[in-house]
Amino acid sequence: MKILYVLFSFFIILNYGLLQTGFIRRITARVGKRIGVPFYQPYIDLVKNYAIRSQFSHGVMFYLGPVFRLSGGIGIFLFMPLIYGNEMFSNFSMSGDLILILYFMFIGMLGMALGAGEGGHPYSIIGITRGLSQFTTIEVPMTLAVISIAAQYQTLSISEIVAAQQGGFMNWTIMTNPLATAAAMLAFLGMIGYAPFNVVNAPQENPLGPPTEFHGTFLGMLQTNRVILHVIESILFMNLFFGGATNWLALIVKAFIIYFYAVFIGTVFPRFRIDQSIKWFLFIPTILGILAVIFIS
Amino acid sequence: MAEEKNYKIIQPEDTEENKFLKPENYKREVTAPDGETFVVDPINDYFCDAKPQPHAPNTIKIVEKFLNWARSESIWVLGYGTGCGSIEIYPLMTPRFDAYRFGVQQRPTPRQSNLFIISGYLSVKTLKRAIRSYEQMPSPKYVMGLGSCTINGGMYWDSYNTINRLDQYMPVDVYVAGCMPRPEALLAGFMELKKRIKEGKGEGANEYAEKFDWYKANQKKVIKDWNMPDYNW
């Protein structure tokens, strides 16, 4: 029975992610004084990519790369409680799931590195090298923030962290532990991968980064993963720092605002080079994270 | 200390085929670390030269119709600046013409694109690269010839170094006439292409696979320094 609920919420999250991607593309187009794609364009792109007739493979890892990436995204989803206090939409949340989610975030990246490496295109190798080094530095402030809130609430279960934040917004982590929130929200910018931290895919410069050789169904899987990952990471931050959600409306509003904060910064700022972004993550967010750990203990 | 080479280049025979072979594609005798020696032939070993196969459309008509609709509404362009026409492609994506409205998006790699725009005259040297890019695109794929040069040579019709008719070298779906066609004409070309795809006529990739020998013969007639595999994906 639980599986059916999980599939149902997966369906909702997937559709919400696709719609959100479409609307965000429209919004960023308006910033550039364009009209932009129709809001249902991500659906069409997905159908088209799954309907490509001829596929080429570069080897076993080339197949497994997108599979790893997608299983990383779905893995995060499976252990994420969506709606607080609702047994239907808690997925497989359990004690210690926070550690598991941090682990799943990295496994997709590693799988993609193997797949893109076997693709053999120089651009994908440059892209994945940048991606791995950037993501490693993102993990530093993120992990410090997680240590800080784990010490604050004395638990590693997301459900219990959400439960501790109930009862008005003065109980949210952003009010009780602003330093950890600041460090994690800066790390969030890098996780979503808009400018200034989009040097991994780097449109116009390093044409597509890791997915250069992926096409057809492989690319469709990567797109599916991308929309799920964006929504589920917003939901993770909502659960950890903004008091979670008690119904779907609150979830959508909060997740959209958190996601839009990354998009907003992405449309305003230009791109960092990889050495600049690494230095940046290891400087301000890391100091904030260390301070958060010191203050809470 | 100079690096010791672990391979010996085998000089190719002096035949018509090997005349333009690049030194990096010469056969070589490699000695592995364990002392075993074997011959590496880059042209055959590093590229796949299997012939393309036609892919039949979905047999269920309504499914194929739906997929064709999706393909027509999501055209990913390989904007390969072959000639002066490429200057007309950039304004397409900017606010004035905004081709994104019609589901047309640019893609930097042939692996992910569906539409190959040959923008203007095609010199023989570029034709070689265009063919390689075209063959790397996954099926179904479409080609748009932009400008008069791709139709009959245009003002380059008697040039020693450009091709005159594009459809002898790759199957073309839509021609956009003009010298140069404005971005509006390009948009009209996209609309025409969409109509064709929705009618199920955008089967250029299958046509290329079926008449592969004819296309290859035409290509080899103009490309004198053919030093790549016959079919490379």
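Predicted model: local features only at pLDDT ≥ 70, side-chain atom pairs only at ≥ 80, totals over all residues.
Begin in chain A by selecting A:Met80, A:Leu82, A:Met142, A:Ile235, A:Leu236 and A:Phe237, which are the residues with the most contacts inside the largest nonpolar core, a set of 65 residues. A second, separate core, of 23 residues, can be found by selecting B:Ala130, B:Ile131, B:Phe212 and B:Tyr215, which are among its members.

Next, go to B:Ser113, in the loop of chain B that runs between β5 (104–106) and β6 (115–119). B:Ser113 counts as buried because its relative accessibility is 0%. Its side chain reaches the backbone oxygen of B:Thr109 at 2.7 Å, and, leaving aside neighbours within four places in sequence, B:Ser113 is in contact with B:Trp76, B:Val77, B:Leu78, B:Arg107, B:Met137 and B:Pro138.

Finally, select the open sheet of chain B, in which 3 strands are ordered β1-β2-β3 with antiparallel pairing. Strands β1 (7–9) and β3 (37–40) stand at the edges, each with a single partner strand, so one side of each has no neighbour in the sheet. From one strand to the next the twist averages 20°. Between β1(B) and β2 (residues 28–31) of chain B, the antiparallel pairing extends over 3 bridges, and B:Tyr7 stands opposite B:Val30 in β2(B).

Methods. Residues numbered from 1 in each chain as written. Chains lettered and ligands numbered in written order. Heavy atoms only, no water. Core = buried A, V, L, I, M, F, W, Y, C linked by side-chain atoms within 4.5 Å. Buried < 20%, exposed > 50% of the residue type's maximum accessible area, 1.4 Å probe, protein only. Helix = DSSP H or I, 4+ residues; strand = E, 2+ residues; numbered from the N terminus. Polar contact = N/O pair within 3.5 Å; in protein donor to acceptor, adjacent residues only side chain to side chain. Contact = heavy atoms within 4.5 Å. Pairing = 2+ DSSP bridges. Axes fitted to C-alpha atoms, helices over the stretch in contact; angles between N-to-C directions.
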